[in-house]
Amino acid sequence: MDRKLYYDTVARMQKANIDPEYVQGWVGGFMGNPKREEQRITQAYEAGYEAGEKGDPDGYEAWRTDS
C-alpha cells in the first residue's frame with residue numbers, strides 16, 4: 001500500500017468537502033476491504049469504492065457536498 005497516496009488523497013477529499021460516503025468507499029476500495037452489505041451501498045460509496053480499487057486519487061470532484 002502506498003501510504004503517502006492514501007493519506008494525501010483522503011486529506012484532499014476531506015478539505016474539498018467530498019461526500020463522506022464517497023470517501024468511505026474510496027478508503028474501502030483502496031484498502032481491499034469487502035464492500036458493505038448491499039442495503040447500505042449508495043451511489044457515492046460505489047463510485048468511491050471503484051476509484052479506490054483503481055488507486056485513482058482524482059475522480060472525486062463530482063462528489064462535492066457544497067456544490
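Predicted model: local features only at pLDDT ≥ 70, side-chain atom pairs only at ≥ 80, totals over all residues.
## Two helices side by side

Two packed helices are described by the angle between their axes and the distance between the axes. Here, helix 2 covers residues 20-31 and helix 3 covers residues 43-54. Their axes are 6 Å apart and meet at an angle of about 35°, and the crossing is right-handed.

Which residues make this contact? From helix 2 come Glu-21, Tyr-22, Gln-24, Gly-25, Trp-26, Gly-28, Gly-29 and Phe-30. Helix 3 answers with Ala-44, Tyr-45, Ala-47, Gly-48, Tyr-49, Ala-51, Gly-52 and Glu-53.

## The nonpolar core

Now let's turn to the core. The largest nonpolar core has 13 residues, and the members touching the most others are Met-13, Ile-18, Tyr-22 and Trp-26. Helix 1 (3-15), helix 2 and helix 3 each give two or more residues to this core, with the largest share, five residues, coming from helix 2.

## An arginine in the loop

Arg-36 sits in the loop between helix 2 and helix 3. Is Arg-36 buried or exposed? Its relative accessible area is 18%, so Arg-36 counts as buried, the cut-off being under 20%.

The side chain of Arg-36 makes a polar contact with the side chain of Glu-21 at 2.5 Å, and also reaches the backbone oxygen of Arg-40 at 3.2 Å. Beyond its neighbours within four places in sequence, Arg-36 touches Glu-21, Gln-24, Ile-41 and Tyr-45.

Note on methods:
Residues numbered from 1 in each chain as written. Heavy atoms only, no water. Axes fitted to C-alpha atoms, helices over the stretch in contact; angles between N-to-C directions. Helix = DSSP H or I, 4+ residues; strand = E, 2+ residues; numbered from the N terminus. Left-handed = near helix turned anticlockwise from the far one by under 90°. Contact = heavy atoms within 4.5 Å. Core = buried A, V, L, I, M, F, W, Y, C linked by side-chain atoms within 4.5 Å. Buried < 20%, exposed > 50% of the residue type's maximum accessible area, 1.4 Å probe, protein only. Polar contact = N/O pair within 3.5 Å; in protein donor to acceptor, adjacent residues only side chain to side chain.
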